[in-house]
Amino acid sequence: MGDPREPPEGAPDGGSGNEDEYRSVVFDESFVRAARIQELSARERLSGSFARATRPKVRLGPLGTVPRQALALLLVILLAFGAAVYFGVTSPTRPTARPQGSQLTVSVVALSPASSVRPVADPANPFVALPPGYSDGAVGLGTPAGAASGHFSRVEVTKALDTVQRYLVASSLSPAVLVQGATAEVRAFVTPGEQAQFDASVLQPTDDRHHALTGWLVRFDPAQVALAADTVKVAGAMRIDEADSGTLRITTDHTFVYALKAAGAPAGAPVTLETVRRQLTFEFDRIDLAAAQLRLVDSVLQAGPAPCDGSLAGVVQPVLAGTDPAAPPSGPSAVDPGNHARPAWQVCGVLAGG
């Protein structure tokens, strides 16, 4: 038998048949009055005195309205982009163009003997008459201890000094460079921006203040002279400063004394002392330091005894003992290449002390 609460004809079509579960709900008069929709009067709508339930927006003219949160987000993005552009432009570490072209300026000065050149008294001990202060080879370079500069750390300064010392050894003390024509060992220290200038100086040395090979290294003509001793005596010092906040500068001033004899001369042949002063200025940026390379930007070479009428651009041309020198120049006072208190820049001079 069916449920007595259901109509005799059954539940209406489409009905759930469960309406009776809501029959206990009574919608009294107070509930109906509370749910009544309050319609605003025309006066209230015109006065705008009612509170709107919408989120405030910012009007942008013809573009419509933008929520305040979206506008704030847009401002944050614009500020971040502006800051990125500013710091990208003003950053001191941004890459700069590396120096290229003829950077080295060279001056070579021949010091002519005032009279006939005398050989050393004892060919087996050719340096005995040198004044105090000269040492053997690299010891005489006087490389200082590295100390931090204004913008470079102690490690960076020490690395620069080490690079300069090794360059001076290769370019001033190596027999392969001095009398055998080698250049690769010296070229390895030169930055890529100066290598073309170095190569041109090797292939066609010219006394044009930029392409004298003797600005880069010391070389003698092996067809004319030979080393009478493997030892080279050296005296001098190095100075550290900065060209600017990104460029470390090291200036060196050294006198090298070589014992030479005529090419092919037997043992015991007369020996001549050739004195060469090199005053060099090196610069480094941090890329140079990382590559253990240097930029040689200034070079002055004094050499004597050497003829004033010869060219020192390709090789140092010593006047050997027993050779009649050309007439010395008139006018200039005697120049001592071992006196570092005087500047090296000058024209041909007279070698002090004969």
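In this predicted model, the largest nonpolar core holds 51 residues. Tyr167, Trp216, Phe220, Tyr258, Phe282 and Phe284 touch the most other members. Helix H4 gives the largest share, seven residues. In soluble globular proteins, nonpolar side chains tend to be buried together.

Trp216 has contacts well beyond its sequence neighbours. Leaving aside residues within four places in sequence, Trp216 is in contact with Leu104, Tyr167, Ser171, Val186, Val190 and Glu194, and also with Gln197, Phe198, Ser201, Arg278 and Leu296.

Leu301 lies in strand S9, which spans residues 295–304. Leu301 counts as buried because its relative accessibility is 0%, under the 20% cut-off. Residues up to four places away in sequence aside, Leu301 touches Ser107, Val108, Val109, Thr214, Val276, Arg277, Arg278, Leu312 and Val316. Arg278 is 23 residues from Leu301 in sequence. In space, the two C-alpha atoms are 4.8 Å apart.

The protein as a whole has eight helices and eleven strands. Of its 354 residues, 34% count as buried. Among contacts between residues at least 6 apart in sequence, 69% join residues at least 24 apart. The protein exposes about 20,300 Å². Carbon and sulfur atoms supply 57% of that area.

Notes: Residues are numbered from 1 along each chain as its sequence is written. This is a predicted model: local features need pLDDT of at least 70, side-chain atom pairs count only at pLDDT 80 or more; totals for chains, interfaces and linings use all residues. Side-chain values use heavy atoms; hydrogens and water are left out. Helices (H or I, at least four residues) and strands (E, at least two) are DSSP runs, numbered from the N terminus. Buried means under 20% relative accessible area, exposed over 50%, partly exposed in between (1.4 Å probe, protein chains only). Contact means heavy atoms within 4.5 Å. Accessible areas come from the Shrake-Rupley method with a 1.4 Å probe; for residues, only the protein chains shown count as cover. A nonpolar core is a set of buried Ala, Val, Leu, Ile, Met, Phe, Trp, Tyr and Cys residues joined through side-chain atoms within 4.5 Å.
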